[in-house]
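Biologist: I would like to learn how to read a protein model with a ligand in it. Could you take me through it step by step?

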Amino acid sequence: MSKRIGLYPGTFDPITLGHVDIIERAVKLVDLLVVGVAVNKDKRPLFPLDERVEMVREQMEPIAGKSGVAITVAPFDTLLMRYAEEVNADIIIRGLRAVSDFEYEFQMVGMNQALNDEIETVFLMADARYQSIASRLVKEIARLDGDVTGFVPASVAERLAKKLAG
Ligand code: ADP
């Protein structure tokens, strides 16, 4: 049987406990998970691409170890569907939060189906504790000197503090 490959794309600026929770669920569905870190210049990320990739990689080891699923983390700067084809993905994984994510994701799936109808998009929901976490709000809280330790992995909280201090 061929290996099932999943692609989980995002900006990960920075990776949050919401993303981690989605990845822990995604590995139940695939044999290989590619976490694609989008360059996303339009979003003017706080963290440079290489640091976003590094932060995601740091979190993957325990998940790969526990699940036995291989996880690769790589940057990408192309159309999502083209990247999905490049890595031979069978499914694209997205996380769904509240109603606010739905409209955007609904449109994206429609467009992506038109580009390639073979690759399905699968939506996962994080545990209730993590559903409201968004990278954008985490950055806002950190900028205002708030405590983000409940929202991001400890090493990410440290990096945020350092980045915003300097
Ligand atoms: P994008 O720039 O594509 O919105 P993000 O890095 O913000 O990428 O998120 C990547 C994916 O993870 C998206 O599908 C997003 O909806 C999902 N996601 C982010 N935070 C959460 C969360 N707290 N719970 C569930 N899904 C989430």
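Modeller: We will go through the ligand, the pocket, the cavity and then the backbone. This is a predicted model, where local features need pLDDT of at least 70, side-chain atom pairs count only at pLDDT 80 or more, and totals for chains, interfaces and linings use all residues. Residues are numbered from 1 along each chain as its sequence is written, and side-chain values use heavy atoms, with hydrogens and water left out.

Biologist: How many residues surround the ligand, and which are the closest?

Modeller: A residue is near a molecule if one of its heavy atoms lies within 4 Å of it. Here 20 residues surround the ligand, and Tyr8, Thr11, Lys43, Gly95 and Tyr130 are the closest. In this shell there are eight nonpolar, seven polar and five charged residues. For these classes, Ala, Val, Leu, Ile, Met, Phe, Trp, Tyr, Cys and Pro count as nonpolar, Asp, Glu, Lys and Arg as charged, and the others, Gly among them, as polar.

Biologist: Which polar backbone atom is 2.7 Å from an oxygen atom of the ligand?

Modeller: A polar contact is a pair of N or O atoms within 3.5 Å. The backbone atom you ask about belongs to Gly95. Lys43 uses a polar side-chain atom, 2.5 Å from an oxygen atom of the ligand. At Tyr130, a polar backbone atom is 2.8 Å from a nitrogen atom of the ligand. Taken alone, the ligand exposes 550 Å², and the protein buries 91% of that; such areas come from the Shrake-Rupley method with a 1.4 Å probe.

Biologist: Where does the ligand sit?

Modeller: A pocket is an open set of points on a 1 Å grid over the protein atoms alone, with protein on both sides within 12 Å along at least five of seven lines; its lining residues have an atom within 4 Å of a point. A molecule sits in a pocket if more than half of its atoms lie within 2 Å of the grid points. This ligand sits in the largest pocket. That pocket has a volume of about 1,400 Å³, where a volume is the space filled by probe spheres set on the points. Among its 47 lining residues, Gly10, Thr11, Lys43, Arg94 and Arg97 are the closest to its centre. Helix 4 gives the most to this lining, with nine residues; helices are DSSP runs (H or I, at least four residues), and strands are too (E, at least two).

Biologist: What lines the largest cavity?

Modeller: A cavity is a set of points where a 1.4 Å probe fits but cannot get out. The largest cavity has a volume of about 40 Å³. Leu80, Ile92, Arg94, Glu105, Met108, Val109, Asn112 and Thr121 line it. Helix 4 gives the most here, with four residues.

Biologist: Which residue has a positive phi although it is not a glycine?

Modeller: Most residues other than glycine have a negative phi, and most peptide bonds are trans. Phe12 has a positive phi of about 50 degrees, and its place is in the loop between strand 1 and helix 1. Pro14 lies in that loop, and a cis peptide bond joins Asp13 and Pro14, with omega about 0 degrees.

Definitions and conventions
Polar contact = N/O pair within 3.5 Å; in protein donor to acceptor, adjacent residues only side chain to side chain.
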